[in-house]
Amino acid sequence: MEIIESIDDLPVQDPPGEDFSSADLDWVKFSSAERCEDVALIPYDRVDAFIIGECCNVECPTRFHIERGRKRAKGTLRELKNDEYLEYRLYWCSFGPENYGEGGDILPSRRYRLNTRNRAARPQSMRGCTCHFVVKRLYARPSIALLIYYERRHVNKAGFVCHGPLDKDAIGPGAKKIPYVCSEIQQQTMSMIYLGIPEENVLEKHIEGIQRYCGSDAKVQSLASQYVQKLGTIIKRSTHELDLDDQASIRLWVERNKKSIFFYRDTSETDPYVLGIQTEWQLQQMIRFGHRNIIAADSTFGIKRLKYPLCTLLVFDSRQHALPVAWIITRSIVKQDVAIWMKALLDRVHAVDPGWKANGFLIDDAAAETEPIRETFSCPILFSLWRVRRSWLRHIVKKCTNIEVQREMFKRLGQIVYGIWCGLDLPVAIEEFFLDFVDQTSLIQYFKDSWLPKIEMWLNSMKTLPLASQETSGAIEAYHMKLKAKLYDDSHLGSLQRVDWLVHKLTTELHSSYWLDRYADESGSFSNVKEEYIASTSWHRALQIPDHSVSLDDKDQLFAKVVSQKDSSVNRLVWNPGSEFAHCDCEWSLQGNLCKHVIKVNMICGNLPSYQSSMSFQSLKNILIDLWKKPMDDSVELDISTAWTSQILDQVQKLVELNNSNDIGVVVNNMPLKWAAKQTRSSNWRQSSVLAFPSSSMNSPKNPASRKKSRKRKRLSRLR
């Protein structure tokens with residue numbers, strides 16, 4: 001193989017075909033002071049085609065994940081080497097670098113050795129594969145990508161083939177005769193088994209997947225059937241109890257699943273218990289959907305029933321559904337403890353994508369610490385009403401049997417919340433509420449015990465923080481209800497006080513459910529799963545109700561009627577229309593949830609001037625008014641306020657226009673022309689900066705600080 005010392009003269013290769021692999025490229029040795037590597041140049045826009053081709057290797061089918069990544073902005077380098085990068089990605093075979101099939105452990109509460117060495121390990125286990133390569137987008141030539149292959153063979157540290165049909169210890173009977181099942185098909189099969197889909201359907205989808213690598217014949221179908229049966233048996237026999245002691249069991253789980261842990265701290269005399277879980281797939285979704293988007297928290301789940309409460313961080317996917325991207329199991333909400341796991345999570349994200357940034361963080365608990373969020377994520381904080389609304393409505397329905405009184409009480413509580421921007425005298429309003437419903441002793445006692453000490457704190461959070469929309473609140477509530485259904489199954493109520501059981505449920509059933517939802521939506525397969533996924537939020541169900549099915553009370557604006565889409569003879573009655581505290585008589589709303597009928601009625605009322613605006617709009621309006629109300633004699637502050645107000649109004653107007661438009665091309669054509677900046681200099685920066693000054697000033701002995709700075713830069717450039 002040819003050895004070169006510079007990539008400047010290396011030809012750019014562009015193999016024909018939709019996909020290509022390393023076998024289609026001519027590799028050369030690039031010799032540097034540190035090492036000698038196999039390199040090749042390809043067009044940057046064909047990097048994905050190269051990765052797909054590498055994944056479809058017949059001898060070792062696999063997937064490559066981003067193990068590490070870095071970015072740098074254009075114009076940050078003073079001196080350039082020919083292999084400096086704008087973007088850097090380290091891709092590693094998904095069967096490595098860890099090896100989860102090695103050795104065995106002695107469990108802490110047992111005196112005998114439990115053999116955990118499993119040569120036919122779970123399909124998703126790591127096998128210590130060392131195959132990896134780097135993709136560099138060149139700084140001087142952004143349209144070119146430099147490929148650096150460190151290990152092209154799919155072997156472990158001992159040099160043996162560790163997966164695929166050439167692996168003598170490959171999973172399943174006759175695995176050497178058929179291609180190894182890729183990680184995507186493995187996760188698909190596991191998700192279907194975890195969700196209880198019949199084995200016949202699982203086998204059918206599994207065979208469809210492996211036919212991409214081999215033909216369809218009786219032998220392949222027989223081996224696939226044995227594979228699915230064996231995998232199903234392994235999953236059914238798997239247990240959350242790795243040890244009789246819960247703490248010892250969770251320590252073993254953490255030791256075996258290090259790639260799914262971003263922070264772990266065991267209980268001690270000074271520090272509370274904290275466990276942060278994020279799988280590789282969740283990390284990818286957080287980077288994909290969380291960048292320049294909103295991160296939401298479903299906090300304090302199971303505070304009364306679980307051993308440790310569960311906090312979930314959510315992102316909103318392409319359909320604006322809430323997607324869990326991290327689980328934090330801890331009882332502590334102290335600022336120091338929250339800050340430490342938040343920083344660990346952000347560091348993990350930045351290790352893959354250094355440019356990742358959240359545009360907002362949404363909380364649903366007024367007692368949550370906001371300072372760690374601002375310090376860690378450096379973004380605005382929003383507040384969601386869904387938790388307080390759900391709590392009030394559930395207890396009103398539970399403790400009050402008269403539906404007319406339920407409606408009036410819920411409406412009065414909504415008026416108290418809406419009054420936070422009108423100078424409401426809170427103690428007087430609460431006292432009047434207690435006097436007007438004095439006969440509802442059970443409910444009044446609940447409010448005095450649970451809400452009276454903290455209602456001022458909650459209302460202050462609603463007033464000072466921007467409020468989230470009904471779509472966002474509905475998406476968070478949908479996740480919360482799904483989590484509740486998965487965890488509070490009657491068959492597992494005896495395990496609620498074990499952390500290992502909670503971790504097992506989250507990382508198997510719940511994780512598989514969301515993985516299959518996203519896979520069905522993006523691939524087009526599993527049409528029934530996709531339909532259920534799309535209709536999983538009240539907002540999307542409300543969009544299916546036509547406008548003519550809603551009739552408003554134009555006289556007193558007390559109620560609205562919504563014709564049922566399943567039975568046209570049934571009408572749903574929505575009281576207090578146009579408010580987030582509207583009351584519907586459907587079963588879903590009486591459980592405390594935000595139903596589709598309330599959302600649909602509020603959609604229509606939002607376009608009518610005679611109805612009050614939503615609380616999220618009232619919050620935005622209040623923020624704009626606060627910006628506008630600057631002292632007139634403070635001219636600089638007034639200018640800043642005007643600039644911010646104009647920018648916010650412009651962004652909101654464009655967003656509304658985009659949402660209401662059926663043709664995005666019309667919106668794009670109406671946008672103002674944006675001129676690009678001049679192309680910056682690259683390789684000649686050093687020379688041009690020298691020419692910009694007189695030679696006497698650069699070489700003058702009167703300028704020792706300048707010479708010292710120049711020597712420092714030279715030393716730093718050599719270290720790079």
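These legends walk through close-up views of a predicted model. Local features need pLDDT of at least 70 and side-chain atom pairs count only at pLDDT 80 or more, while totals for chains, interfaces and linings use all residues. Residues are numbered from 1 along each chain as its sequence is written, and side-chain values use heavy atoms, with hydrogens and water left out.

View 1. Helix H9 (386–399) and helix H14 (470–487) each supply at least two of the lining residues; helices are DSSP runs (H or I) of at least four residues, numbered from the N terminus. By class, four lining residues are nonpolar, three polar and two charged.

**View 2. Histidine 480 in helix H14.** Stay with H14 and look for histidine 480. Histidine 480 counts as buried because its relative accessibility is 9%, and buried means under 20% relative accessible area (1.4 Å probe, protein chains only). Leaving aside residues up to four places away in sequence, histidine 480 touches Asp298, Phe301, Trp386 and Arg390, where contact means heavy atoms within 4.5 Å.

**View 3. Helix H15 against helix H16.** H15 (residues 499–523) and H16 (residues 527–534) pack at an angle of about 105°, their axes 8 Å apart. Axes are lines fitted to C-alpha atoms over the stretch in contact, and angles run from 0 to 180 degrees between N-to-C directions. The two helices, H15 and H16, are therefore roughly perpendicular, a label for angles of 65 to 115 degrees. On the H15 side, the contact is made by Leu516, Asp517, Arg518, Ala520 and Asp521, and on the H16 side by Val529, Lys530 and Tyr533. These contact residues divide into four nonpolar, no polar and four charged.

**View 4. Helix H5 against helix H15.** The axes of H5 (residues 246–256) and H15 come within 8 Å and cross at roughly 35°. Asp246, Ser249, Ile250 and Trp253 of H5 meet Val499, Asp500, Val503 and Thr507 of H15.

**View 5. Helix H19, mostly covered.** Nine of the ten residues of H19 (residues 596–605) are buried. Among them are His597, Lys600, Asn602 and Cys605.

Definitions and conventions:
Nonpolar A, V, L, I, M, F, W, Y, C, P; charged D, E, K, R; others polar. Parallel < 35°, antiparallel > 145°, perpendicular 65-115°, else oblique. Buried < 20%, exposed > 50% of the residue type's maximum accessible area, 1.4 Å probe, protein only.
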